[in-house]
Amino acid sequence: MQIRILLVDDDAGGQVASLATELGRYGFICQFVDQRDETALEGIFSGITGASSILCRDSAMPVVMQHARKQENEGSRRRPPVVVIGANDSFDNEYRIAKAGASAFFSAPVSVPELAERVELLAIERSSGVNGRVLIVEDDAELAEHYCLVLSAAGIEAKSLTDPRRLMAELYSFQPDIVLMDVQIGDYSGVTLARLIRFESRWLSLPIIYLSSEDDRDDQLEALSKGADEFLVKPVSDDYLVRSARIRCYRARQLSDLMNRDSLTGLLKHSLIKQELEKELARCRRFGHLSSVAMIDLDYFKQVNDTWGHRYGDIVIRALANLLRNRLRETDMIGRYGGEEFMVVLPDCSVQAAADLLKSIGESFSELVFAVGEKNFQVTLSAGIAGVNEFPSGAEALEAADQALYQCKHEGRNGVAIYSANK
């Protein structure tokens with residue numbers, strides 16, 4: 001997913017516009033927009049598609065937000081997030097910017113790695129086409145179908161289930177973010193079903209919301225004590241159903257990310273990225289395509305921590321994570337393997353294509369400049385690649401990629417090596 005950044009300034013060589021080159025190294029598509037050009041500003045909000053963010057100075061924010069509000073009043077799609085840069089970081093100024101509707105504020109001079117990370121997260125969050133997955137357990141088939149149609153029209157993937165005996169199988173196949181369930185489904189009690197779901201540790205954190213006409217508070221509390229999380233009392237309007245589901249799905253995904261993703265980088269944790277490798281090996285065998293796995297390591301990273309401190313070491317790690325997300329495909333899987341090591345699974349990608357891609361990424365990464373006061377430093381990376389199809393297990397393919405990485409380190413670092421059984 002390539003993210004587009006619209007740099008709004010009154011000078012093509014100004015403070016904001018000058019960030020285009022550095023942000024471009026992270027894989028962002030940067031476009032300058034003159035804040036004095038009303039037609040161009042109008043086009044920002046009417047012509048943007050995909051993941052995008054607007055970056056502007058605090059002096060340009062009033063005119064930018066004016067066009068943003070106009071778009072929202074006309075009922076257009078959601079506006080892209082607005083990130084503001086300014087020299088005045090006082091509470092009053094930041095409060096003014098927050099009140100105007102900005103999504104983030106950075107005081108000058110700007111830390112480009114931190115700016116890149118925030119822009120990326122905001123753009124992806126706003127552009128997500130699907131706002132979550134909802135499993136509806138309801139014995140009234142007509143009502144369940146109505147709920148599905150309403151949620152689907154709002155960009156929420158929904159599936160109905162009228163036979164509770166298929167509940168556990170549907171949970172594993174559909175992987176919902178939340179479950180909306182009646183308190184009574186035919187001969188089955190929703191309260192008992194909620195308890196049954198909690199039998200398996202995999203679903204302990206799955207939000208279960210009762211959708212019922214039960215309005216007695218004591219009865220609701222009694223039902224909630226058996227394993228569910230909340231009540232939505234019937235009848236529920238379509239608008240309220242959509243807003244409730246969207247909010248709860250968003251929160252559920254946030255909590256899921258906290259459990260499944262590395263807190264520093266937002267990438268998959270060690271165990272999960274290894275699981276994705278095994279899944280990709282199974283897909284390779286099923287469909288016959290070629291895939292690659294890569295191990296990536298930051299060169300001389302201990303020196304970065306020893307010289308500049310762990311805070312800047314973390315900034316370097318996050319910068320590489322952001323670059324990988326922006327330069328790789330949405331179907332590629334990226335994980336933080338540990339410390340300064342990353343693991344990437346590249347479906348339907350030969351080892352040579354993977355090598356060419358990672359070489360390009362390595363070149364871009366080596367051009368990133370990290371500032372510490374008046375001083376700057378740069379970091380390079382090394383990568384090892386192996387063909388997933390060439391091994392009987394994902395663990396052996398990963399070991400081969402690790403051997404290729406060691407070979408790259410041995411040959412001088414700052415490069416890419418492909419595993420060969422003859423070396």
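Is Gln 175 buried, partly exposed or exposed? In this predicted model, Gln 175 has a relative accessible area of 27%. Because buried means under 20% and exposed means over 50%, this value makes Gln 175 partly exposed. Gln 175 lies in the loop that links helix H7 (167–174) to strand S8 (178–181). The backbone of Gln 175 has a phi near 55 degrees, which is positive although the residue is not a glycine.

A positive phi is also found at Tyr 300, another residue that is not a glycine, where the angle is about 50 degrees. Tyr 300 sits in the loop between strand S13 (292–298) and helix H12 (301–308). With a relative accessible area of 45%, Tyr 300 is partly exposed. A further backbone feature occurs at the peptide bond from Ala 108 to Pro 109, which is cis, with omega near -5 degrees. Pro 109 belongs to the loop between strand S5 (104–107) and helix H5 (112–127).

Seven of the seven residues of S13 are buried, so the strand is largely enclosed by the rest of the structure. In a regular strand the side chains alternate between the two faces of the sheet. In S13, one side carries Ser 292, Ala 294, Ile 296 and Leu 298, while the other carries Val 293, Met 295 and Asp 297. Both faces are covered, as the residues on each side are all buried.

S13 has pairing partners in strands S15 and S18. With S15 (residues 341–346), S13 pairs in the antiparallel sense over six bridges. Within this pairing, Ala 294 has Val 344 as its bridge partner. With S18 (residues 381–387), S13 is joined by seven bridges, and these two strands also run antiparallel. Here Asp 297 stands opposite Ser 382.

The largest nonpolar core of the model contains 55 residues. Those with the most contacts inside this core are Leu 23, Leu 55, Ile 296, Val 316, Phe 365 and Phe 370. Of these, Ile 296 is also one of the buried residues of S13. Helix H13 (residues 310–327) supplies the largest share of the core, nine residues. When residues up to four places away in sequence are not counted, Val 316 touches Leu 298, Phe 301, Val 304, Phe 365, Phe 370, Phe 377 and Val 379. Another core, of 21 residues, lies apart from the largest one, and its members include Ile 136, Cys 148, Leu 180 and Ala 245.

Methods:
Residues are numbered from 1 along each chain as its sequence is written. This is a predicted model: local features need pLDDT of at least 70, side-chain atom pairs count only at pLDDT 80 or more; totals for chains, interfaces and linings use all residues. Side-chain values use heavy atoms; hydrogens and water are left out. Helices (H or I, at least four residues) and strands (E, at least two) are DSSP runs, numbered from the N terminus. Buried means under 20% relative accessible area, exposed over 50%, partly exposed in between (1.4 Å probe, protein chains only). A nonpolar core is a set of buried Ala, Val, Leu, Ile, Met, Phe, Trp, Tyr and Cys residues joined through side-chain atoms within 4.5 Å. Contact means heavy atoms within 4.5 Å. Two strands pair if DSSP finds at least two bridges between them.
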